[in-house]
Amino acid sequence: MRQVATLLLAVLGLASNAAAGDIDGKIVGWSRAFPSPEHPAVVWVEGLPTRPVNKNEPVMAQHGGQFVPPFLIVVAGQTVNMPNEDEVAHNVYSLSPTKLFDLGFYAKGDVKRVTFDRPGLVEVLCQIHAFMRARILVVPNPYYATIAVDGSFRIRNLPAGTFTLTFWADGMTSFSQQVTVPQEAKAVIVRVAWPSSTSGK
Ligand SMILES: [Cu+2]
């Protein structure tokens, strides 16, 4: 049974502009040494209508026989550029249900693009080089944050309301927690205990 995360919530300050507030959070009680660059952790808001995202298309290159970066967060609807910067050909594909694709063989200088429509985790592989692995985490909207090594995160410019935050960390089971951003709030401070029963996969 999933352990319910404890949450302490306090409202900081008053702002004349009631339109937006930040969620200023901190994860406490990690059961392992998370997060780290090798084991990223991300939090996002469920159920909010999307807002325009940066027009720049994120890049995941094939470089030196690896995917660079090996972990990429994109917003649903975004297109990722996948250039081959190596002298050798690669064949980039995924069997993940979130996004099934096969870009075929392509050589140095070629750029292929993939649009990720649905939220979820996508494992990216190369048919030629079994050691090449990367992951793309597709979040539902731009209201997300990477959780820092010290457990802190900040999601900016939310409207007032009650939202469900989903916490994801590599190798751990995701969990959700509700947070209310009051009309008058400039920022809400949340402390979230990562449920110990969700460690491991
Ligand atoms: Cu390859």
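Colleague: Which strand holds Asn 157?

Modeller: Asn 157 belongs to strand β14, residues 152–158. Strands here are DSSP runs of E of at least two residues, numbered from the N terminus. This is a predicted model, in which local features need pLDDT of at least 70, side-chain atom pairs count only at pLDDT 80 or more, and totals for chains, interfaces and linings use all residues. Residues are numbered from 1 along each chain as its sequence is written.

Colleague: And what is the phi of Asn 157?

Modeller: Positive, about 55 degrees, although Asn 157 is not a glycine.

Colleague: Is Asn 157 buried or exposed?

Modeller: Asn 157 is exposed, because 11 other C-beta atoms lie within 10 Å.

Colleague: Changing topic: which peptide bond is cis?

Modeller: The one from Val 68 to Pro 69, with omega near -5 degrees. Pro 69 sits in the loop between β5 (66–68) and β6.

Colleague: What is the strand order in the open sheet?

Modeller: Five strands run β6-β12-β11-β8-β9, with mixed pairing. The edge strands, β6 (71–75) and β9 (101–106), each pair on one side only. Two strands pair if DSSP finds at least two bridges between them.

Colleague: How many bridges link β11 and β12?

Modeller: Six, in the antiparallel sense, between residues 120–126 and residues 133–139. Gly 120 has Val 138 of β12 as its bridge partner.

Colleague: What is the average pLDDT?

Modeller: The chain averages 84, and 84% of the residues score at least 70. pLDDT is the predictor's confidence in each residue, from 0 to 100.

Terms used. Helices (H or I, at least four residues) and strands (E, at least two) are DSSP runs, numbered from the N terminus. A residue is buried if 20 or more other C-beta atoms lie within 10 Å of its own, exposed if 12 or fewer, and partly exposed in between; C-beta atoms are placed from the backbone.
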